[in-house]
Amino acid sequence: MPNLTRMQFLAAGTAVAGGGLLALGEREPATAAAGTKGVATAGSAAAPAPFTERMPVPRVLEPERDGGLDRYRIPIRPGTAQILPGLQTPVYTYGPDFLAPVIRARTGRPVTVTFANLLDEVTNVHLHGGHVPAGMDGHPLDVIQPGAKRDYTYPNGQRASTLWFHSHAHMMEGEHTYKGLHGFYIIEDPVERGMGLPTGDYDVPILLRDAQFDAAGNLVFGNPALRTTVLANGKVQPYFPVEARKYRIRLLNAAVEGVFQLTLDGAPMVQIASDGGLLPAPVPRTDLTMCSGERVELVVDFGRCEPGSQVLLSDPTRGPVLRFDVGPRTGDDSRVPDRFRPLPVLPRATNTRDVVLSFDLSGPQPVGLVNGRPYDPNRVDFVIRRGTTEIWNVTNGDGAMGFLHDFHMHLTMFRVLDRTGAPMTPNDAGLKDTVLIPPGTTVRVQATFDGFLGRYAYHCHFMEHADVGMMAQMEIVP
Ligand SMILES: [Cu+2]
């Protein structure tokens, strides 16, 4: 469990105007030295010179076809990654590399992934955004022992969408994910394929996360405000060569606890999808705010840039994240239709619930609360009959303290109906599973709890908040 001081929590997830993070820790060096497990930050190693390394694209895993399903095998293992010049950073990986491979699944065709735990501690796997049976969801106590294997079967009975998998082990979710247990899981379907969007080499997943390194290149898991290094597909400020044509870019904020504000300098961004797949129609965007766990899919037309020009993806508070180097014009038969497909019709809601996310800072360690109580894996707070549609008023109860929270619901996608105390944002559109909740505000979401029975979590997706208790569970009953 992360040994976070009160001051670190004050730094972590604190909002400033515009949604960035207030780096209190940077003004309080004493707190910066108190990483987990006694890891001190004796300075930090030099980052590579900007734009000297090419951004890798995660390789697509080839399945073994096994009757009606696709089977994959992924070891969860300790390893090292070359992130900083001349240094090997100890990490945890899905497969041989720090940049996890991508699973590309198809709607209606189940996938079984055999995860072998080669770590010397328990872990598990949660498919974030996946509509899966409770036994496949990575319940915090449902873990894979060291040396053991576990099959997770995902039915893929949902729309094309960009999902991801990460650790959800009890009180270890943040640290495991921070060490590298994060990877893309993409579902495709024939309707989307028929739309003519860029595919193949022109469909590029980009996993964004932040990190703090010590002088030896070790990842420091301590104060989120000190994670000032941004990694794009595992590299610091890489470049990525593109042809002067359209690209589909799937952005994932896999930071354990953080918000990216992103701008693209030199090319127009068109958002085509959010967490749960395509929006009803493309939406031009000038900037994006993405909280931990959120996905935004874009089409960027580099064909509108001069060959030889450079396009920067930047976070105004953290600097350039990635540079696209525009190459020659090439043939481009992809297109972005004016309309995609309608979202599913919202059934009438028959029940309303209130959910309040907050901290108790009265003790020696911060405790995360949902409706006033810390997580207890044996307690069920909401019993929901299968098929019911409900409206949840999700409130950030830390208005006075200024903490951001980041609501995530397992099992199903929701729709954001409205916000109280803050305007709706473009990121609220479409099918969502993760949503930023500014301090003191309420987000009203509507969800239908269909598909599977059993216990599922809902929690703050700032994983360090969840790890100290800001999580609860519902049980879906017949
Ligand atoms: Cu939170």
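Start with β8. Ser-161, Leu-163 and Phe-165 point one way from β8, while Thr-162, Trp-164 and His-166 point the other way, and all are buried. Buried here means under 20% relative accessible area, exposed means over 50%, and partly exposed is in between, with a 1.4 Å probe and protein chains only. That makes 6 of the 6 residues of β8 buried, so the strand is largely enclosed by the rest of the structure.

A word on sources. This is a predicted model: local features need pLDDT of at least 70, side-chain atom pairs count only at pLDDT 80 or more, and totals for chains, interfaces and linings use all residues. Residues are numbered from 1 along each chain as its sequence is written, and side-chain values use heavy atoms, leaving out hydrogens and water.

Helices (H or I, at least four residues) and strands (E, at least two) are DSSP runs, numbered from the N terminus. Strands pair if DSSP finds at least two bridges between them.

Which neighbours does β8 have? Strand β6, residues 126–128, runs antiparallel to β8 and is joined by 3 bridges. There, Leu-127 has Phe-165 as its bridge partner. Strand β9, residues 182–188, is also antiparallel to β8, with 6 bridges. Thr-162 is partnered by Ile-186 in β9.

Most residues other than glycine have a negative phi. Met-171 has a positive phi of about 65° and is not a glycine. Met-171 sits in the loop between β8 (161–166) and α4 (173–179). Its relative accessibility is 32%, so Met-171 counts as partly exposed.

Asn-233 has a positive phi too, about 50°. Asn-233 lies in the loop between β11 (229–232) and β12 (235–236). At 2% relative accessibility, Asn-233 is buried.
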